[in-house]
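Q: I have a model open and would like to go through it with you. Can we start with the aromatic side chains?

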Amino acid sequence: MTTFHKILFVLKAFRTIPAYIIWKTSKNKNIIYQDMCFWKEIKHMNIENEFVLYSTLLLETEAFRNVVHMRLGQCGGMGRIFFRYVFPPMKTLSIGCGHVGPGLYIQHGFSTIIAAKSVGEKCWINQQVTIGFEQDRQPVIGNHVRVCTGAIIIGDVTVGDNAIVAAGAVVTHDIPAGEIWGGVPARFIKKVKGSSFDDQSGSHAPAQE
């Protein structure tokens, strides 16, 4: 980062001070911190100071703003209104779930709808994903799940822990824990090797043979 960009960042960071106060006084401050730490892990950010990390994510990553908006919205109060004014959310990303565990990471977030009944801990969701209703039924997403680009998960289905939904997949049936499913309709491809975040198979799995 050049000296000019460092100065520019510092000037921009002043508007994160009230946002930082809103976070630290929120009832959801601990879960927001866990979200932030998971983003740091996934993005390999070498930033130890929590204010600098929070400011960097807010200034550089619109999708992170949406996650914070969601957490603040669960608490109510005037802080979320001010936060929304200072840091407008990404308009093409919608998060409307009954429950979202700590550590929600959204990569890019363009044209993405997340309307699950519940989302577990440390889940990674890519762009152009739809997770939503079939009539009045919603999906349940487990812990450590990765949903790759363009996937669709609808209705009364459960995606098990540490599973991967491959790029372009259309999920209409339950996915067992630790499996990669892809295709239209989605079907079993293979077992996940280690963590769903380390196994990159699903990112390139064919949507349809």
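Q: Tyr105 and Trp124, are they buried or exposed?
A: Both Tyr105 and Trp124 are buried. Keep in mind that this is a predicted model.

Q: What is the geometry between the rings of Tyr105 and Trp124?
A: The ring centres of Tyr105 and Trp124 are 5.3 Å apart and the planes stand at 90 degrees, so the pair counts as edge-to-face. The cut-off for that class is over 60 degrees.

Q: And where in the chain do Tyr105 and Trp124 come from?
A: Tyr105 belongs to strand 3 (residues 104-106) and Trp124 to strand 6 (residues 123-125). They are 19 residues apart, and the pair links distant parts of the chain.

Q: Which residues form the aromatic cluster?
A: Tyr105 and Trp124 form one aromatic cluster with Tyr20, Trp23, Trp39, Phe51, Tyr54 and Phe64.

Q: Where does Tyr54 sit, then?
A: Tyr54 is in helix 4 (residues 50-60). With a relative accessibility of 0%, Tyr54 counts as buried.

Q: How far is Tyr54 from Val140?
A: There are 29 Å between the C-alpha atoms of Tyr54 and Val140, which lie 86 residues apart along the chain.

Q: Back to the tryptophans. Which charged end sits over the ring of Trp23?
A: That of Lys24, at 4.7 Å from the ring centre. Trp124 also has a charge over its ring: the charged end of Arg146, 5.7 Å from the centre.

Q: How many aromatic pairs does the structure hold?
A: Nine. One of them is Phe83 with Phe87, a tilted pair at 5.8 Å centre to centre, with 40 degrees between the planes.

Q: Why does that one count as tilted?
A: Planes under 30 degrees apart would be stacked and planes over 60 edge-to-face, so the 40 degrees of Phe83 and Phe87 falls among the rest, the tilted pairs.

Q: Phe83 and Phe87, buried or exposed?
A: Phe83 is buried at 1% relative accessible area, and Phe87 is buried at 0%.

Q: Changing topic: salt bridges. How many are there in the whole structure?
A: A search finds six. Among them is Asp35 with Arg71, whose side chains meet at 2.8 Å, N to O.

Q: What does the Asp35 and Arg71 pair link?
A: The pair links distant parts of the chain, with Asp35 in helix 3 (residues 29-43) and Arg71 in helix 5 (residues 62-75), 36 residues apart. Both Asp35 and Arg71 are buried.

Q: What does Lys40 form a salt bridge with?
A: Lys40 pairs with Glu48, and their closest N and O atoms are 3.6 Å apart. Glu48 is exposed, at 65% relative accessible area.

Q: And which residue meets Arg137 in a salt bridge?
A: Glu134, at 3.5 Å, N to O. Arg137 counts as partly exposed at 35% relative accessibility. Glu134 is also partly exposed, with a relative accessible area of 37%.

Q: Which helix gives the most to the nonpolar patch?
A: Helix 1, with three residues. Helix 1 (3-13) and helix 2 (16-24) each supply at least two.

Q: What about Leu11, buried or exposed?
A: Leu11 counts as exposed, with 55% relative accessibility. Its place is in helix 1.

Q: Where is Lys193 found?
A: Lys193 is in the loop between strand 15 (187-191) and helix 7 (201-204). Lys193 is exposed, with a relative accessible area of 63%. From Lys193 to Asn126 it is 20 Å, C-alpha to C-alpha, and 67 residues in sequence.

Q: Last topic, the whole chain. How many helices and strands are in the protein?
A: Seven helices and 15 strands. The radius of gyration is 18 Å, close to the 17 Å the globule rule gives for 209 residues, so the protein is as compact as a globular protein of that length.

Q: What box do the C-alpha atoms fill?
A: Roughly 50 × 40 × 25 Å, taken along the principal axes. Of the 209 residues in the protein, 49% are buried.

Technical notes. Residues are numbered from 1 along each chain as its sequence is written. This is a predicted model: local features need pLDDT of at least 70, side-chain atom pairs count only at pLDDT 80 or more; totals for chains, interfaces and linings use all residues. Side-chain values use heavy atoms; hydrogens and water are left out. Rings of Phe, Tyr and Trp (its six-membered ring) pair if their centres lie within 6.5 Å; planes under 30 degrees apart count as stacked, over 60 as edge-to-face and the rest as tilted. Buried means under 20% relative accessible area, exposed over 50%, partly exposed in between (1.4 Å probe, protein chains only). Helices (H or I, at least four residues) and strands (E, at least two) are DSSP runs, numbered from the N terminus. A charge sits over a ring if NZ of Lys or CZ of Arg is within 6 Å of the ring centre and within 35 degrees of the ring normal. The radius of gyration is taken over C-alpha atoms; the globule rule is 2.2 Å times the number of residues to the power 0.38. A salt bridge is a side-chain nitrogen of Lys or Arg within 4 Å of a carboxyl oxygen of Asp or Glu.
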